[in-house]
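Please prepare a short briefing on the fold, helix packing and core of this protein, with a few individual residues.

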Amino acid sequence: MEKPALITNNTKRRHKSLSQSLAESITNNIRSGILKPGEKLPTESAIMELYEVSRTVVREAISHLQAAGLVHTRHGVGTFIQEPPVSNPLSLQKDAIVTVRDVLDILELRISLETEAAWLAASRRTEEQMTAITSAFEDIQRHVPRDSASVNADMRFHQLIAKATGNRYFVDILSDLGNTLIPRARLDSAAISQEAGNAYLERVNREHEDIHNAILRKDPEGARAAMRTHLSNSRERLRMAQQKFEESQKNSG
């Protein structure tokens with residue numbers, strides 16, 4: 001099993017960051033064929049020594065891999081690589097989305113998907129659907145502090161726009177993604193970038209307002225442009241936040 005330069009013996013890193021990095025490294029080894037289905041992973045002690053991490057980090061990483069369906073553990077025997085589970089081709093494995101890279105890739109997918117959803121919603125939405133979208137938008141504005149209510153309102157806003165397209169496949173895909181729709185539900189990009197949380201959310205909420213207003217006035221091109229701006233900005237904010245985080249870890253190592 002190959003070890004990337006990314007993992008170093010830096011006790012200042014959080015277990016979560018280390019376990020995600022380790023899970024990503026092992027996943028890359030599986031996808032590249034270095035680790036093959038049926039093969040047994042090295043022991044916890046061997047992985048600890050190879051990657052210079054704690055036992056807790058190794059166990060958390062293996063839990064991520066189990067959730068993604070990439071490995072299975074036989075108690076008393078060991079952990080083995082397995083074939084990825086056969087699933088609905090439109091089904092996305094939420095539990096496999098564990099790293100910043102994963103969330104950036106999801107945002108890239110969303111840019112393609114949701115810009116067209118916004119265009120269609122502005123073209124097709126009913127008054128009843130607009131009322132629901134407005135209610136979700138007002139809930140976002142009401143819960144500016146970063147909490148579960150804010151995240152839930154944000155997710156509902158995007159899902160209601162998908163519903164207003166009149167195309168159930170937009171709804172199905174966005175529902176399947178669940179909380180991965182909202183980067184801050186999984187990763188605190190505002191904290192990583194050292195940007196004040198409220199300032200970060202207020203900027204995001206202004207972007208939501210542009211989307212809402214374009215759909216309200218039945219402006220398909222405006223809605224498409226506003227959604228693209230919002231999701232592109234989200235991806236760039238997260239990319240820059242992760243870059244700063246990685247640089248800070250190198251400097252402290």
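The model is predicted. Its secondary structure amounts to 11 helices and two strands. Of the 253 residues, 45% count as buried.

**Overall fold**
- Read from the N terminus, the order of elements is α-α-α-β-β-α-α-α-α-α-α-α-α.
- Contacts between residues at least 6 apart in sequence include 72% that join residues at least 24 apart.

**Helices H2 and H3**
- Helix H2 covers residues 44–51 and helix H3 covers residues 55–67; their axes come within 9 Å and cross at roughly 110°.
- Angles of 65 to 115 degrees count as roughly perpendicular, so H2 is roughly perpendicular to H3.
- On the H2 side the contact is made by Glu44, Ser45, Ile47 and Met48, and on the H3 side by Arg55, Val58 and Arg59.
- By type, the residues of this contact are three nonpolar, one polar and three charged.
- The loop between H2 and H3 holds glutamate 52.

**Helix H5**
- Helix H5 spans residues 127–142, which is 16 residues.
- From first C-alpha to last, H5 reaches 22 Å, close to the 22 Å expected at 1.5 Å a residue.
- Its buried residues are Met130, Ile133, Thr134, Ala136, Phe137, Asp139 and Ile140.

**Nonpolar cores**
- In soluble globular proteins, nonpolar side chains tend to be buried together.
- The largest nonpolar core here has 21 residues.
- The members of this core that touch the most other members are Ile133, Phe157, Ile161, Ile211, Ile215, Ala223 and Met227.
- Two or more residues of this core come from each of helix H4 (100–124), H5, helix H6 (148–163), helix H10 (197–216) and helix H11 (220–252).
- H5 gives the largest share, five residues.
- Isoleucine 215, leaving out residues up to four places away in sequence, touches Ala118, Ala121, Ala122, Arg125, Met130, Ile133, Ile161 and Ala223.
- A second, separate core has 19 residues, among them Val57, Val58, Ala61 and Ile81.
- Val58 also takes part in the contact of H3 with H2.

**Threonine 115**
- Threonine 115 is part of helix H4.
- Residues under 20% relative accessible area count as buried, and threonine 115 is therefore buried, at 1%.
- Beyond its neighbours within four places in sequence, threonine 115 contacts Arg110, Arg224, Met227 and Arg228.
- One of these contacts, Met227, is also among the residues of the largest nonpolar core that touch the most other members.
- Threonine 115 and threonine 229 are 114 residues apart along the chain, and their C-alpha atoms are separated by 9.2 Å.

**Residues with positive phi**
- Most residues other than glycine have a negative phi.
- Glutamate 52 is not a glycine, yet it has a positive phi of about 60°.
- The relative accessibility of glutamate 52 is 39%, and this residue counts as partly exposed.
- Lysine 218, also not a glycine, has a positive phi of about 55°.
- Lysine 218 sits in the loop between H10 and H11.
- With a relative accessible area of 46%, lysine 218 is partly exposed.

Terms used
Residues numbered from 1 in each chain as written. Predicted model: local features only at pLDDT ≥ 70, side-chain atom pairs only at ≥ 80, totals over all residues. Heavy atoms only, no water. Helix = DSSP H or I, 4+ residues; strand = E, 2+ residues; numbered from the N terminus. Expected span 1.5 Å × (residues − 1). Buried < 20%, exposed > 50% of the residue type's maximum accessible area, 1.4 Å probe, protein only. Axes fitted to C-alpha atoms, helices over the stretch in contact; angles between N-to-C directions. Parallel < 35°, antiparallel > 145°, perpendicular 65-115°, else oblique. Contact = heavy atoms within 4.5 Å. Nonpolar A, V, L, I, M, F, W, Y, C, P; charged D, E, K, R; others polar. Core = buried A, V, L, I, M, F, W, Y, C linked by side-chain atoms within 4.5 Å.
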